[in-house]
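Reader: I am new to this structure. Please take one part, look at it closely, and then follow what connects to it.

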Amino acid sequence: MPELPEVESLRRILARSATGLTIVSAKVLEPRLRRKVSHDFEAAIAGRRIEALARRAKYLILQLAGGDALLVHLGMSGSLTHRPGKAGGPAFADHDESLDPAHDHVEFRLDDGSRIVYNDPRRFGLLKLVPAGALDSTVELRGLGPEPLGKAFSAEYLALKARGRRVAIKNLLMDQRIVAGIGNIYAAEILFRAAVRPTRRSGRLSRAEIGRIAAATPSILREAIGKRGTTFRSYRDSRGQPGGFSSRLRVYGREGEPCYTCSTPIRNVIVGQRASFFCPQCQK
DNA sequence: AAACATTCCTGCACGC
DNA sequence: TGCGTGCAGGAATGTT
């Protein structure tokens, strides 16, 4: 569940369920993620209280007592689930249907008997403890563009970044240095709403087209957050619930199916090695 | 069984 | 020639 709306949904859920709880202990079952989880991770995490939940781009940030932050990225296939403790039974009684022991890589036991589990079949994700004050300068977050839901992301900004660029607009939107948090699904949906083909060269777009893209971006993302993100296949949020935005997708994954607006079959072309869905009638 | 929601790295082409 | 930048391509990996 990796793009911005999914991470933001996760942040909101965890903010309600986990803020104020203390991580009694952490257990790393499989350290080989995108980068190896450091060997002192367990000791460094133990005893920390979760003060707040934040997000930057597709990164979830657990603000810990003392100012350090736990940076979490879900990669392609990661999930973070908060599982209640079993009343009356051992906290780790494993009859939970949602349990996936083969890919549960890190477990955090909390002081109310619940636990937060990081699961990631493809192990492209990341868990990293960042010292207080070093968050903005850490390699993962340094160099990220503005948040698409913030004031800094505007038509003027996008026009500035698109000027003279030959890259396809879809690749520009997915470039985390330009704007943070947009991936393949939402780039496709944003461009459909903006009526611009994903293959268009960024520098060739009119001011009106740039304006529509800049307007569609927060609009699509907010709508997806409201639906708790998009669920593909077996993906679930931190309470095990599927996201509700899948049924709202206008083009993503709909190759050959009729456009909801004009009935023209949706097409799929490869742009920058990624599937790119669009309506050839509605998007120019 | 080909496709895949992620990031990161390499190497080529081009311009100054 | 040398350097920086833009861009394409591929790798990492397991599931469906």
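Author: A polar contact is a pair of N or O atoms within 3.5 Å; within protein, one of them must be able to donate a hydrogen and the other to accept it, and residues adjacent in sequence count only if both atoms are side-chain atoms. The model is predicted, so local features need pLDDT of at least 70 and side-chain atom pairs count only at pLDDT 80 or more, while totals for chains, interfaces and linings use all residues. Residues are numbered from 1 along each chain as its sequence is written, chains are lettered from A and ligands numbered from 1 in the order in which they are written, and side-chain values use heavy atoms, with hydrogens and water left out.

The part to look at is the interface between the two domains. Chain A is divided into domain 1 (4-137) and domain 2 (155-278); these bounds come from an automatic or database domain assignment. Counting contact as heavy atoms within 4.5 Å, 18 residues of domain 1 meet 17 residues of domain 2. The buried area, meaning the accessible area (1.4 Å probe) that two parts lose on being put together, summed over both, is about 1300 Å² between these domains, and carbon and sulfur atoms give 65% of it. Between domain 1 and domain 2, 2 residue pairs are in polar contact, both at pLDDT 80 or more. A salt bridge is a side-chain nitrogen of Lys or Arg within 4 Å of a carboxyl oxygen of Asp or Glu, and 0 of them are found across this interface.

On the domain 1 side, helix H1 (4-18) and strand S5 (79-83) each supply at least two of the residues that touch domain 2. Helices (H or I, at least four residues) and strands (E, at least two) are DSSP runs, numbered from the N terminus. H1 gives the largest share of that side, 9 residues. The residues of the side divide into 8 nonpolar, 5 polar and 5 charged. Here Ala, Val, Leu, Ile, Met, Phe, Trp, Tyr, Cys and Pro count as nonpolar, Asp, Glu, Lys and Arg as charged, and the others, Gly among them, as polar.

Val7 lies in H1 and is buried, with a relative accessible area of 1%; buried means under 20%, exposed over 50%, and partly exposed in between (1.4 Å probe, protein chains only). The C-alpha atoms of Val7 and Arg55 are 7.4 Å apart, although the two residues are 48 places apart along the chain. Glu8 is buried as well, at 6%, and forms a salt bridge with Arg11, the closest N and O atoms being 3.0 Å apart. Glu8 and Arg11 both lie in H1, 3 residues apart, about one turn of the helix. An α-helix has 3.6 residues a turn, so residues three or four places apart point the same way. The pair is part of a network of salt bridges that links Glu8, Arg11, Arg12, Arg55, Arg56 and Glu147.

Ala57 has a phi near 55°, a positive value in a residue other than glycine, and is buried at 1% relative accessibility. Most residues other than glycine have a negative phi.

Helix H5 (184-194) also leads back to H1. Of the 11 residues of H5, 10 are buried, among them Ile185, Tyr186, Leu191 and Phe192. The buried residues of H5 pack against H1, helix H4 (169-174), helix H6 (207-226) and strand S10. Arg193 lies in H5 and Glu223 in H6, so the pair ties together parts that are 30 residues apart in sequence. Arg193 is partly exposed, at 40%, and Glu223 counts as partly exposed at 24%. Just after H5, Ala195 takes a positive phi of about 60°.

Strand S10 (274-278) is followed by a segment that holds Gln281. Gln281 is partly exposed, with a relative accessible area of 46%. Leaving out residues up to four places away in sequence, Gln281 touches Cys262 and Thr264.
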